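User: Please walk me through this protein, one question at a time. I am new to reading structures.

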Amino acid sequence: KPPTIEEAVEPERPAPQERGGDRRKVLVVDDDAAVGLLCTRMLEEHYETAMATSAERALELLGDQPYDILLTDVRMPAMDGFALTERAVRLRPDLKVVLMTGSLTGELDERARAYAIIRKPFTTSSLQAALARCG
(Lines give C-alpha, C1' and ligand atoms only; values in the text may rest on other atoms or scores of the structure.)
Protein backbone atom coordinates (compact mmCIF):
# COMPACT_ATOMS: atom_id res chain seq x y z
CA LYS A 1 0.00 0.00 0.00
CA PRO A 2 1.58 3.34 -1.00
CA PRO A 3 2.08 5.86 1.81
CA THR A 4 -0.34 8.70 2.28
CA ILE A 5 0.90 12.24 1.72
CA GLU A 6 1.15 12.68 5.50
CA GLU A 7 3.21 9.49 5.87
CA ALA A 8 5.51 10.52 3.02
CA VAL A 9 6.13 13.94 4.54
CA GLU A 10 6.38 12.75 8.17
CA PRO A 11 6.60 8.95 8.34
CA GLU A 12 5.63 7.27 11.58
CA ARG A 13 8.78 6.45 13.50
CA PRO A 14 8.93 3.03 15.12
CA ALA A 15 10.32 2.71 18.62
CA PRO A 16 14.04 1.95 18.74
CA GLN A 17 14.75 -1.77 18.51
CA GLU A 18 16.53 -2.77 21.68
CA ARG A 19 18.48 -5.80 22.77
CA GLY A 20 19.28 -5.97 26.45
CA GLY A 21 19.45 -2.17 26.70
CA ASP A 22 21.56 -1.90 23.55
CA ARG A 23 20.49 -1.05 20.05
CA ARG A 24 20.31 -4.10 17.80
CA LYS A 25 23.18 -4.46 15.35
CA VAL A 26 22.52 -4.71 11.61
CA LEU A 27 25.08 -5.62 8.97
CA VAL A 28 24.08 -4.22 5.57
CA VAL A 29 25.65 -5.93 2.55
CA ASP A 30 25.28 -4.63 -1.01
CA ASP A 31 27.88 -4.50 -3.76
CA ASP A 32 26.46 -1.10 -4.73
CA ALA A 33 27.97 1.16 -2.07
CA ALA A 34 25.32 3.84 -2.64
CA VAL A 35 22.53 1.36 -1.85
CA GLY A 36 24.37 0.10 1.23
CA LEU A 37 24.93 3.63 2.48
CA LEU A 38 21.29 4.52 1.87
CA CYS A 39 20.17 1.49 3.87
CA THR A 40 22.47 2.32 6.78
CA ARG A 41 21.13 5.87 6.84
CA MET A 42 17.54 4.57 6.78
CA LEU A 43 18.29 2.41 9.81
CA GLU A 44 20.85 4.30 11.89
CA GLU A 45 18.28 6.15 14.00
CA HIS A 46 17.01 2.88 15.47
CA TYR A 47 19.83 0.39 14.93
CA GLU A 48 23.59 0.22 15.20
CA THR A 49 24.67 -0.34 11.61
CA ALA A 50 27.73 -1.46 9.69
CA MET A 51 28.15 -1.90 5.96
CA ALA A 52 30.08 -4.19 3.63
CA THR A 53 30.25 -4.04 -0.16
CA SER A 54 31.15 -7.72 -0.58
CA ALA A 55 30.12 -11.02 0.94
CA GLU A 56 33.74 -11.72 1.81
CA ARG A 57 34.01 -8.50 3.86
CA ALA A 58 30.67 -9.25 5.51
CA LEU A 59 31.96 -12.63 6.69
CA GLU A 60 35.06 -10.94 8.13
CA LEU A 61 32.86 -8.50 10.05
CA LEU A 62 30.61 -11.31 11.28
CA GLY A 63 33.69 -13.17 12.50
CA ASP A 64 34.89 -10.12 14.42
CA GLN A 65 31.69 -9.28 16.29
CA PRO A 66 28.10 -10.42 16.70
CA TYR A 67 25.28 -8.89 14.69
CA ASP A 68 21.57 -9.42 15.24
CA ILE A 69 20.42 -8.98 11.64
CA LEU A 70 22.03 -9.48 8.24
CA LEU A 71 20.43 -7.32 5.54
CA THR A 72 21.88 -8.49 2.24
CA ASP A 73 21.35 -8.03 -1.45
CA VAL A 74 20.63 -11.27 -3.30
CA ARG A 75 22.56 -10.58 -6.51
CA MET A 76 26.22 -9.83 -5.90
CA PRO A 77 29.40 -10.81 -7.76
CA ALA A 78 31.72 -13.53 -6.45
CA MET A 79 29.29 -14.74 -3.73
CA ASP A 80 25.54 -14.13 -3.90
CA GLY A 81 23.31 -13.33 -0.95
CA PHE A 82 22.19 -16.95 -0.55
CA ALA A 83 25.74 -18.27 -0.25
CA LEU A 84 26.57 -15.44 2.15
CA THR A 85 23.49 -16.22 4.23
CA GLU A 86 24.34 -19.93 4.48
CA ARG A 87 27.88 -19.20 5.64
CA ALA A 88 26.80 -16.36 7.95
CA VAL A 89 24.19 -18.49 9.72
CA ARG A 90 26.74 -21.29 10.23
CA LEU A 91 29.06 -18.69 11.78
CA ARG A 92 26.30 -17.00 13.82
CA PRO A 93 23.34 -19.42 14.30
CA ASP A 94 21.13 -16.77 15.98
CA LEU A 95 21.53 -14.32 13.10
CA LYS A 96 18.28 -13.10 11.53
CA VAL A 97 18.36 -12.54 7.76
CA VAL A 98 16.51 -10.13 5.48
CA LEU A 99 17.14 -10.45 1.73
CA MET A 100 16.93 -7.41 -0.55
CA THR A 101 16.07 -7.96 -4.20
CA GLY A 102 14.69 -6.19 -7.22
CA SER A 103 13.04 -9.34 -8.58
CA LEU A 104 12.46 -12.95 -7.73
CA THR A 105 11.78 -15.56 -10.37
CA GLY A 106 11.96 -19.34 -10.69
CA GLU A 107 14.65 -21.05 -8.64
CA LEU A 108 15.63 -17.76 -7.02
CA ASP A 109 12.10 -17.43 -5.68
CA GLU A 110 12.22 -20.97 -4.21
CA ARG A 111 15.53 -20.30 -2.44
CA ALA A 112 14.25 -17.01 -0.99
CA ARG A 113 11.20 -18.52 0.72
CA ALA A 114 13.23 -19.52 3.77
CA TYR A 115 14.07 -15.87 4.56
CA ALA A 116 12.43 -12.50 5.13
CA ILE A 117 12.44 -10.54 1.86
CA ILE A 118 12.16 -6.87 1.03
CA ARG A 119 11.80 -5.86 -2.60
CA LYS A 120 13.67 -2.90 -4.03
CA PRO A 121 12.86 -0.09 -4.21
CA PHE A 122 11.63 0.31 -0.63
CA THR A 123 10.92 3.14 1.78
CA THR A 124 12.51 3.82 5.16
CA SER A 125 9.35 2.73 6.94
CA SER A 126 9.02 -0.54 4.97
CA LEU A 127 12.71 -1.36 5.61
CA GLN A 128 12.39 -0.64 9.33
CA ALA A 129 9.20 -2.73 9.45
CA ALA A 130 10.94 -5.68 7.73
CA LEU A 131 13.73 -5.60 10.30
CA ALA A 132 11.30 -5.16 13.21
CA ARG A 133 9.55 -8.39 12.13
CA CYS A 134 12.84 -10.24 12.74
CA GLY A 135 12.07 -10.02 16.45
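Analyst: Let's start with a rule for directions: angles under 35 degrees count as roughly parallel, over 145 as roughly antiparallel, 65 to 115 as roughly perpendicular and the rest as oblique. This is a predicted model, where local features need pLDDT of at least 70 and side-chain atom pairs count only at pLDDT 80 or more, while totals for chains, interfaces and linings use all residues. Residues are numbered from 1 along each chain as its sequence is written, and side-chain values use heavy atoms, with hydrogens and water left out.

User: How are α2 and α6 oriented to each other?

Analyst: Helices (H or I, at least four residues) and strands (E, at least two) are DSSP runs, numbered from the N terminus. Axes are lines fitted to C-alpha atoms, for helices over the stretch in contact, and angles run from 0 to 180 degrees between N-to-C directions. Helix α2 (residues 33-43) packs against helix α6 (residues 124-132) with axes 9 Å apart and an angle of about 75°. The two helices, α2 and α6, are therefore roughly perpendicular.

User: How many residues of the contact of α2 with α6 are nonpolar, polar and charged?

Analyst: Contact means heavy atoms within 4.5 Å. From α2 come Cys 39, Met 42 and Leu 43, which meet Thr 124, Leu 127, Gln 128 and Leu 131 of α6. Ala, Val, Leu, Ile, Met, Phe, Trp, Tyr, Cys and Pro count as nonpolar, Asp, Glu, Lys and Arg as charged, and the others, Gly among them, as polar. On that basis, the contact has five nonpolar, two polar and no charged.

User: Is Met 42 buried or exposed?

Analyst: Met 42 lies in helix α2 and touches Phe 122, Thr 123, Thr 124, Leu 127 and Gln 128, not counting residues up to four places away in sequence. Gln 128 is 86 residues from Met 42 in sequence, yet their C-alpha atoms are 7.8 Å apart. Buried means under 20% relative accessible area, exposed over 50% and partly exposed in between (1.4 Å probe, protein chains only). Because its relative accessibility is 13%, Met 42 counts as buried.

User: What is the bridge partner of Asp 73 in β6?

Analyst: Strand β5 (residues 69-73) runs parallel to strand β6 (residues 96-101), and five bridges join them. One of the pairs is Thr 72 with Leu 99. For Asp 73, the partner in β6 is Met 100.

User: How many of the residues of β5 are buried?

Analyst: In a regular strand, side chains alternate between the two faces of the sheet. In β5, Ile 69, Leu 71 and Asp 73 point one way, Leu 70 and Thr 72 the other way, and all are buried. The strand β5 is largely enclosed by the rest of the structure, because the buried count is five of the five.

Methods
Pairing = 2+ DSSP bridges.
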